[in-house]
Each structure stands twice: as structure tokens, then as C-alpha cells.
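Please keep the structure open while reading.

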Amino acid sequence: DGTRYSGWQAQPGRATVQGTLAAAIRSVSGEDVVPRGASRTDAGVHALDQVAAFTTAGVLEPPTWRRALNANLPEDITVTEAAVVDAAFDPVSAAVRKRYRYRIHDAPWRPVLDRRLVWRWRGRLDDARMAEAAGALVGCHDFSSFETAASPRRSKVRTVFSLDVTRPRLADDEDGAEVWIEIEGDGFLYNMVRIIAGS
């Protein structure tokens, strides 16, 4: 739950997921290591199945690591699985696909229980036209215009495998209170998904 974090990457004076995980590792093994995540999330962004790796001299078995880390992590972060991997494993280069979901709540009533999980929009969105427009972004393209300026990345070409805009009918939701934008690709530029969703 990214609500109270300034994203994944450690930053001085700010609570981050990477920094919190590093502190938990330090509590368990006494080692100062920096876990490497498969993807950097922005402030307030939530993540399911984020893959992270770190090198340790410790002798704990993976199930013990999982239990020990979870005992030292706050309630809004959990380790669901632990495994020994090859020393050359890099979660960034090992990731072949990434998937993001933006939930936009556009019903006339406020999403009280989900307020930290959705983007509140006042006024009904035309999800059919949004879906039609999204189709133009599927494929291999230069996404420079969907990136925050001054990025150090050399290549701006990314492949978007799918970009779906739907209005799911959730339990007790006859009107379809949310529009979901789900995008899957081989990787994304800085703020690319956020800018696509905003557009």
C-alpha cells in the first residue's frame, strides 16, 4: 500500500518502500544492503507482485527470511514469497512484462472505502471513446511525448502489448462506478503510464 510512501526508491528524509525494506533486512541480519526492485513506483502508488532482490551473507532459509522480514515490516508492506536466486539475477532486466492499472471512480457518490485506491473524477467519462483512443498506443512506438521531460534514458521506444479501458461491473455496482485503464508493456518511460491515463 503506497499511500504513505514517496514511491519505491530510497530518498533522504522520506519514507519509501525500498528504504523500509532495507531497514527490515538490517533488523534481521544486521547487514546494510539496498534491495533492488523490478520497477520504481511513484509516490502513493500501490503494487502487487513487486519483485525485489538483495545479496546477503546470512544463512537463513527463504521461508525464515519471509517470516522475519514480515515481523519487521509495517502493516502496509508484506513479503509474500522468498527464494534463493542466482547471484547474477537482476529484477529489472529479468522483467519481461509490466502491468499497471489505473482505477478512476466517476460515479456521483464518493468512494469512501476505496478513496486511497482510486482516482476520483467528477463527471461521467466516455469509456467507449477512451478505449477507442487507447488502441492507437498499442504496439512498438517512440513514447517520448508520454514521458516527463529531462529523462536520461537513451531509447524512448517501448512496446505496449495491451491497453484496455473497461468499466467493470463490481459487486453491488449496477452503474459501473469505475473506469479501469490497464496497460501491459515491456517497460515504461518515467511517468509514461500516468501521462497516458491522464490523456
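## Salt bridges across the chain

R194 and D42 form a salt bridge, with 3.7 Å between the closest N and O atoms. R194 sits in helix α5 and D42 in the loop between β1 and β2, so the bridge ties together parts 152 residues apart in sequence. R194 is partly exposed, at 37% relative accessibility. The model is a predicted one.

The structure has 14 salt bridges. One of them joins the side chains of D76 and R4, at 2.6 Å from N to O. This pair also links distant parts of the chain. D76 belongs to the loop between α2 and α3 (91–94), R4 to the segment before α1 (17–29), and 72 residues separate them. D76 counts as buried because its relative accessibility is 17%, under the 20% cut-off.

## A surface bridge and a network

Buried or exposed: which describes D32? D32 is exposed, at 64% relative accessibility. Its salt-bridge partner is R26, and the closest N and O atoms are 2.4 Å apart. R26 is partly exposed, with a relative accessible area of 40%.

Other charged side chains are joined through shared partners. R97, R99, R101, E182 and E184 form one network of salt bridges. R97 has a further contact: R97 lies over the face of F161, 3.9 Å from the ring centre.

## Aromatic pairs

How many aromatic pairs does the structure hold? There are 4. Among them is the pair of Y100 and F188. Y100 lies in strand β3 (residues 98–105). F188 lies in the loop between β7 (178–185) and α5 (192–198). The pair therefore ties together parts that are 88 residues apart in sequence. Y100 is partly exposed, with a relative accessible area of 23%. F188 is buried, with a value of 10%.

W119 and W121 make another edge-to-face pair. Their ring centres are 5.9 Å apart. Why edge-to-face? The planes stand at 85°, and over 60 degrees counts as edge-to-face.

## Two sides of helix α2

Helix α2 spans residues 62–72. P62, W65, A68 and L69 are buried in this helix. Where do the buried residues of α2 lie when seen down the axis? They fall within an arc of 125°, so they line one face of the helix. R67 and A71 are on the other side of α2, and they are exposed.

## A nonpolar surface patch

V51, V85 and F89 form a nonpolar patch on the surface. Together they have about 230 Å² of accessible area. V51 is placed in the loop between β1 (36–37) and β2 (52–53). V51 counts as partly exposed, at 39% relative accessibility. The loop between β1 and β2 also holds D42, the partner of R194 in helix α5.

Note on methods:
Residues are numbered from 1 along each chain as its sequence is written. This is a predicted model: local features need pLDDT of at least 70, side-chain atom pairs count only at pLDDT 80 or more; totals for chains, interfaces and linings use all residues. Side-chain values use heavy atoms; hydrogens and water are left out. Rings of Phe, Tyr and Trp (its six-membered ring) pair if their centres lie within 6.5 Å; planes under 30 degrees apart count as stacked, over 60 as edge-to-face and the rest as tilted. Helices (H or I, at least four residues) and strands (E, at least two) are DSSP runs, numbered from the N terminus. Buried means under 20% relative accessible area, exposed over 50%, partly exposed in between (1.4 Å probe, protein chains only). A charge sits over a ring if NZ of Lys or CZ of Arg is within 6 Å of the ring centre and within 35 degrees of the ring normal. Patches are made of residues with over 30% relative accessible area and no salt bridge: like charges are joined within 9 Å, nonpolar side chains (Val, Leu, Ile, Met, Phe, Trp, Tyr) within 5 Å. Accessible areas come from the Shrake-Rupley method with a 1.4 Å probe; for residues, only the protein chains shown count as cover. A salt bridge is a side-chain nitrogen of Lys or Arg within 4 Å of a carboxyl oxygen of Asp or Glu. The arc is that of the directions from the helix axis to the C-beta atoms.
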